[in-house]
Amino acid sequence: MVMIFAKATDKVMVGLRVKLETAYKASGGKKVNIISHSMGGLLVRCFMSMNHDIFAKYVNKWICIACPFQGAPGCINDSLLTGLQFVYGFESFFFVSRWVMHQLLVECPSIYEMLPNPHFKWKEAPIVQVWRKNPEKDGMVELVLYEATDCVSLFEEALKNNELKYNGKTIALPFNMSIFKWATETRQILDNAELPDTVSFYNIYGTSYDTPYDVCYGSESSPVGDLSEVCHTMPVYTYVGGDGTVPIESAAADGFAAKERVGIEADHRGLLCDENVLELLKKWLGLNEMKSTRRRLSKSKVMDFVPEGSSFENGKGNPPPPATALTSRGRRRPRPSESIRKHCLPQMKHIFKIIAMLVAISATWIGLLETSTLPRSYTWLLPIYLVVALGCYGLFMVGFGLMFFPMCPQEAVALQKDIVEAKEFLSKKGVDVGSE
């Protein structure tokens with residue numbers, strides 16, 4: 001998911017206003033069309049709530065793609081507790097680890113803002129489950145359930161001992177209640193947003209991808225003792241339909257009188273390069289009218305469609321049942337074994353590839369020993385030569401990557417300035433961001 005600093009700071013709101021005014025004047029007084037993706041949609045919604053008249057003056061159409069209007073329950077709940085893994089298998093050794101991402105996300109305001117909206121009327125409220133030993137019942141194992149409104153107590157308890165070691169120092173990183181309260185205020189602003197009558201709104205969201213919804217830690221045979229152990233426990237998800245990050249129920253519940261809502265069979269980031277999305281953008285922006293030939297959408301990939309004039313009640317109601325079997329059945333609760341199988345499938349494929357490679361190399365080596373094609377003294381040393389060759393190849397690839405690693409000095413300076421300004425703003429709001 002796109003990680004942006006989505007809190008409605010004065011600078012962000014003023015900056016967006018200036019951009020709208022500039023585009024409006026540059027076009028000779030023509031209103032602006034906005035296309036947003038993921039949390040960019042929340043940023044636009046926040047601006048619209050706080051600057052309703054300005055939004056009505058400068059904006060003609062707002063097209064929203066994959067926006068977590070009511071949060072992303074499974075991904076965000078788990079991100080706060082165990083982190084986020086972008087890459088699995090062998091490639092994960094060359095990427096930021098899940099634990100490092102966890103330390104970053106605990107202090108990320110946008111994560112707190114994407115927690116499931118406790119005021120939204122979910123068809124089934126998202127939950128976090130923990131198999132744990134109850135010390136008051138002689139260590140009896142029981143399944144404890146936490147709903148979205150109760151998860152704060154779980155976060156506080158699980159993260160109370162969380163800390164980061166950096167440059168010889170130990171920094172405490174518990175659940176940040178100040179940022180959580182700040183995000184709660186932002187949620188109130190988002191819930192109060194109203195679409196101007198003069199602005200046309202369109203919503204595109206992903207479908208047909210298993211999207212984490214409920215999260216479970218531990219098992220009946222291997223329960224969690226102290227809740228702080230949850231941070232080092234791999235989760236088991238319950239999935240619903242969505243784009244792999246944001247459930248359909250959240251992305252479709254914008255609360256506005258949308259001109260159209262369309263579900264596309266694509267994942268969260270894949271929506272940005274999907275041909276069907278491009279065709280919808282051309283249609284809604286009126287670009288097809290300039291061409292004599294029009295490409296038709298592939299009906300096999302457009303999963304559901306809500307016609308003009310339909311709406312949800314200010315984000316507090318449920319979206320109408322879409323036209324697909326996956327979402328019309330509601331939440332699908334797989335057995336634990338099924339969830340584990342889906343989670344481990346990519347890793348198992350890599351393991352099988354590695355095993356097959358080792359078997360092939362071993363068979364070749366044994367064949368050389370048996371046939372005496374090479375002197376046995378040389379053949380016995382072949383595994384050592386192979387290890388050395390792989391090591392040299394790895395060093396070469398690392399060096400090659402460093403030589404062509406993209407450097408962005410201007411972006412680095414801008415990022416440092418944004419960090420300093422964000423710290424100053426947080427300090428004014430009473431949020432303790434540390435001295436460094």
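Lys160 is partly exposed, with a relative accessible area of 42%, where partly exposed covers the range between buried (under 20% relative accessible area) and exposed (over 50%), computed with a 1.4 Å probe on protein chains only. Its salt-bridge partner is Glu157, and the closest N and O atoms of the two residues are 2.8 Å apart; Glu157 is itself partly exposed, at 31%. The model is predicted, and local features are reported at pLDDT of at least 70 and side-chain atom pairs at pLDDT 80 or more, whereas totals for chains, interfaces and linings use all residues. Residues are numbered from 1 along each chain as its sequence is written, and side-chain values rest on heavy atoms, with hydrogens and water left out.

**Salt bridges**

- The structure holds six salt bridges, a salt bridge being a side-chain nitrogen of Lys or Arg within 4 Å of a carboxyl oxygen of Asp or Glu.
- Side chains of opposite charge can pair when their charged atoms come close.
- Lys283 forms a salt bridge with Glu260, in which the closest N and O atoms are 3.5 Å apart.
- This pair links distant parts of the chain, since Lys283 belongs to helix α10 (residues 275-284) and Glu260 to strand β10 (residues 260-264), 23 residues apart; helices (H or I, at least four residues) and strands (E, at least two) are DSSP runs numbered from the N terminus.
- Lys283 is partly exposed, with a relative accessible area of 46%, whereas Glu260 is buried, with a relative accessible area of 13%.
- Glu21 and Arg17 form a further salt bridge, with the closest N and O atoms 3.2 Å apart, and, because they are four residues apart in helix α1 (residues 10-26), about one helical turn separates them.
- An α-helix has 3.6 residues a turn, so residues three or four places apart point the same way.
- Arg17 is partly exposed, with a relative accessible area of 34%.

**Aromatic pairs**

- There are 14 aromatic pairs, counted when the ring centres of Phe, Tyr and Trp (its six-membered ring) lie within 6.5 Å, with planes under 30 degrees apart taken as stacked, over 60 as edge-to-face and the rest as tilted.
- The rings of Tyr24 and Tyr58 have their centres 4.9 Å apart and their planes at 70 degrees, so this pair is edge-to-face.
- Tyr24 lies in helix α1 and Tyr58 in helix α3 (residues 52-58), so that the pair links distant parts of the chain, 34 residues apart.
- Tyr24 counts as partly exposed at 22% relative accessibility, whereas Tyr58 counts as buried at 6%.
- The rings of Tyr237 and Tyr239 are likewise edge-to-face, because their centres are 6.0 Å apart and their planes stand at 70 degrees, and both residues are buried.
- One aromatic cluster is formed by Phe47, Phe55, Trp62, Phe69, Phe201 and Phe256.

**Helices α5 and α6**

- In helix α5 (residues 98-105), the buried residues are Arg98, Met101, His102, Gln103 and Leu105.
- These buried residues of α5 pack against α4 (73-82), α6, β5 (163-166) and β9 (236-242), contact meaning heavy atoms within 4.5 Å.
- Ile111 lies in helix α6 (residues 109-113) and counts as buried, at 0% relative accessibility.
- Between Ile111 and Ser79 the separation is 32 residues in sequence and 8.0 Å in space, C-alpha to C-alpha.
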